[in-house]
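Here's a walk through one protein model, strand by strand and helix by helix. Have a look at the fold before reading on.

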Amino acid sequence: MVDWAPWSDGVFGGASSSTSLDDLGVDGDGLGTGDEPGESTSGSRDCLLFLIDSSPSMMEATPDGEIPFQGALQYAELAYTKKVVTGENDLLGVVFYGTGASRTTYNIPGVYVFHDFGPPDSARIREITDLVRSEAEFRSFVGKLGHYRSGDSTRFPLSEALWQAQHLFHGLPKAVGFRRIFLFTDDECLASSDAERVKCQVRAKDLADSRVSLTLFAQRRPVARALRPVPPSPAG
């Protein structure tokens, strides 16, 4: 994992590309103590949202030839497939942020809800599998998805993506137990300014207050792309 923004410590849980779904409790049994955000008692339905950065660098191959965006989709595919067997009543969703195209209930530019929360049925699995297994399908979809741009910047505010995620969770029935977001991004800075950092922290706190946990999956950056500078954290 690269050196991620120090302000994110305690805000996001951490994982890596080698972390298995079983390691993170995505096993369909809904087990938990109910003492931490996102945890619940036995028998509860699991609710998992894949929040995937769709910036240009996420579409470029890393030194080992992997495309981070496609790797995130592979993780989602595995979760969907596993849930069909172990948790068919659980709810999963996929949201892309930093996109040129937009598809949300609240008309948020730069956010594309690929799958709203729903059960992991065969149609949804097929849609993800097509993007993971077919290079032609993947490239065609990425071309249609496009990239967010505001002036000269292609950086999309993470706080806006978290806001959309929060509203998706608000629409869930209260009986849902585990509420989790898996965030996939190669942006080691996470926020481009102090103002954006504060917004992200506020959004993360709002999610935690709603018992939604956040796990960050740090993606490797393309070999030829320099790391973005990390804004300094405020003193104290």
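What follows goes from the overall layout to the strands, the helix pairs and a few loop residues.

## Ground rules

This is a predicted model, so to speak of local features we need pLDDT of at least 70, while side-chain atom pairs count only at pLDDT 80 or more and totals for chains, interfaces and linings use all residues. Residues are numbered from 1 along each chain as its sequence is written, and side-chain values use heavy atoms, with hydrogens and water left out.

## The overall layout

The protein has five helices and six strands. Both kinds of element are DSSP runs numbered from the N terminus: helices are H or I over at least four residues, strands are E over at least two. Going along the sequence, the order is β-β-α-β-β-α-α-α-β-α-β.

Of the 236 residues, 49% are buried. Buried here means under 20% relative accessible area, exposed means over 50%, and partly exposed is anything in between (1.4 Å probe, protein chains only). Take the contacts between residues at least 6 apart in sequence: 77% of them join residues at least 24 apart. A contact means heavy atoms within 4.5 Å.

## Strand β5 and its neighbours

Let's start with β5, residues 176-185, where 10 of 10 residues are buried. Strand β2 (residues 45-53) pairs with β5 in the parallel sense, over seven bridges. Pairing takes at least two DSSP bridges between the strands. One of the bridges links Cys-47 to Arg-179 in β5.

β5 also runs parallel to strand β6 (residues 213-218), and six bridges join the two. Thr-185 has Ala-218 in β6 as its bridge partner. To get from β5 to β6 the chain passes through helix α5 (residues 194-209), making a right-handed β-α-β crossover. Right-handed means that, with the strands pointing away from the viewer, the path from the first strand over the helix to the second runs clockwise.

## The β3 and β4 pair

Strand β3 (residues 91-97) and β4 run antiparallel, joined by five bridges. Tyr-97 is bridged to Val-111 in β4. Seven of the eight β4 residues are buried, so the rest of the structure largely encloses this strand.

## Helix α1 and its two partners

Helix α1 (residues 68-86) meets helix α2 (residues 122-133) with axes that come within 9 Å and cross at roughly 150 degrees. Axes are lines fitted to C-alpha atoms, for helices over the stretch in contact, and angles run from 0 to 180 degrees between N-to-C directions. The α1 side of this contact includes Leu-73, Ala-76, Tyr-80 and Val-84, and the α2 side includes Ile-125, Ile-128, Leu-131 and Val-132. This crossing is left-handed, meaning that the near helix is turned anticlockwise from the far one by less than a right angle, with clockwise being right-handed.

With helix α3 (residues 135-145), the α1 axis comes within 12 Å and crosses at roughly 110 degrees. The two helices are therefore roughly perpendicular. On the angle scale, under 35 degrees counts as roughly parallel, over 145 as roughly antiparallel, 65 to 115 as roughly perpendicular, and the rest as oblique. The α1–α3 crossing is right-handed. Phe-69, Gln-70 and Leu-73 of α1 touch Glu-135, Phe-138 and Leu-145 of α3.

## Helices α4 and α5

The axes of α4 (residues 158-170) and α5 come within 8 Å and cross at roughly 20 degrees. That makes these helices roughly parallel, and their crossing is left-handed. Among the residues that meet are Leu-162 and Trp-163 in α4, and Cys-200 and Leu-207 in α5.

Which residue has a positive phi although it is not a glycine? That's Arg-211, with a phi of about 65 degrees. Arg-211 sits in the loop between α5 and β6 and is partly exposed, at 35% relative accessible area.

Ser-193 lies in the loop between β5 and α5 and is partly exposed as well, at 29% relative accessibility. Its C-alpha is 9.8 Å from that of Pro-157, 36 residues apart in sequence.

Asp-121 belongs to the loop between β4 (111-118) and α2. Asp-121 is partly exposed, with a relative accessible area of 35%. The C-alpha atoms of Asp-121 and Glu-88 are 7.8 Å apart, although 33 residues separate the two along the chain.
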